[in-house]
Amino acid sequence: MKLNRKIGFTLAAGLMGASLLAAAAGAAPAGSVTVPAQVPAQTVEKVVVTDATKISKLNHTSVTPLIIEAEKRYFYALGGGKGLGDTFEVDGREYRYLSDDIGTREKLMNYLKSVYTEKAAAYFVDKYFISHDGRLAQLNADGGNILEFDKATAKLLSMTDTQRVYKLSVPYPEHLQGPAYVTVKFEKVGQFWRVGTAPHAIF
């Protein structure tokens, strides 16, 4: 009688173990690889920019409009403003006055600070312009850049709440050669983002 009980208990334990093994095998068949559930990719918010001087949210979709406005203001200043001003010579070098709307350091700085930080704007102004008879002037020469910054794409390199660094990929016209890569710093000044790299280092 004791022998029969022992055999019965052994058979029951064996069946239970087999059931557990079968269940485990059903959950993960031998040789299979457990694949984690796919996490849906998060949609990157597109920032609609109506005024590039008032960008309060900076990401790769709003960087380009800010860069386009920064380029426009840089070349406007570099071109002397609204038109060629009167010329004069200093130490054998010909200079021209800037147009009245940006004709003083204060006016030009205010114009540039709509898109640049004060430090970036000042570095540019102090490098390329002089004050003469109370007016701002520059060497009588023109500059240019064939890169298509309006088609630039931006990749985030680093970020904090008030500072960002992006790497821009900027194509040449008709893809004459591979894109140029430009690293640009941005800083939040008050509510809005500004370009923190001096314009002549970008364009």
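What average pLDDT does the chain have, and what share of the residues score at least 70? The chain averages a pLDDT of 84, and 78% of the residues score at least 70, where pLDDT is the predictor's confidence in each residue, from 0 to 100. Over residues 1-37 the pLDDT is below 50, and beyond near neighbours in sequence this stretch has zero contacts in the model, a contact being a pair of heavy atoms within 4.5 Å. Where pLDDT is low, the predicted coordinates should not be read in detail.

This is a predicted model, in which local features need pLDDT of at least 70 and side-chain atom pairs count only at pLDDT 80 or more, while totals for chains, interfaces and linings use all residues. Residues are numbered from 1 along each chain as its sequence is written, and side-chain values use heavy atoms, with hydrogens and water left out.

**Overall composition**

The chain has four helices and eight strands, which follow the pattern α-α-β-β-α-α-β-β-β-β-β-β along the sequence; helices (H or I, at least four residues) and strands (E, at least two) are DSSP runs, numbered from the N terminus. Of the 203 residues, 34% count as buried, meaning under 20% relative accessible area with a 1.4 Å probe and protein chains only. Among contacts between residues at least 6 apart in sequence, 53% join residues at least 24 apart.

**The sheet E5-E6-E7-E8**

Four strands form an open sheet in the order E5-E6-E7-E8, with antiparallel pairing; two strands pair if DSSP finds at least two bridges between them. E5 and strand E8 (192-195) stand at the edges, each with a single partner strand, so one side of each is left without a neighbour in the sheet. Neighbouring strands of this sheet are turned by 30° against each other on average, direction ignored, with axes taken as lines fitted to C-alpha atoms, for helices over the stretch in contact, and angles running from 0 to 180 degrees between N-to-C directions.

| Strands | Bridges | Residues between strands | A bridge partner pair |
|---|---|---|---|
| E5 (residues 153-159) and E6 (residues 163-170) | six bridges | three residues | Met 159 and Arg 164 |
| E7 and E8 | four bridges | two residues | Val 189 and Phe 192 |

In the hairpin of E7 and E8, Gly 190 takes a positive phi near 65°.

Helix H2 lies across E5, E6, strand E7 (180-189) and E8, running at about 55° to E8. In helix H3 (residues 105-112), Leu 108, Met 109, Tyr 111 and Leu 112 are buried. Seen down the axis of H3, these buried residues fall within an arc of 160°, so they line one face of the helix, the arc being that of the directions from the helix axis to the C-beta atoms. The buried residues of H3 pack against helix H2 (60-78), helix H4 (118-128) and strand E4 (135-139).

In H4, the buried residues are Ala 120, Ala 121, Ala 122, Phe 124 and Val 125, and they pack against H2, H3 and E8.

Technical notes:
Buried means under 20% relative accessible area, exposed over 50%, partly exposed in between (1.4 Å probe, protein chains only).
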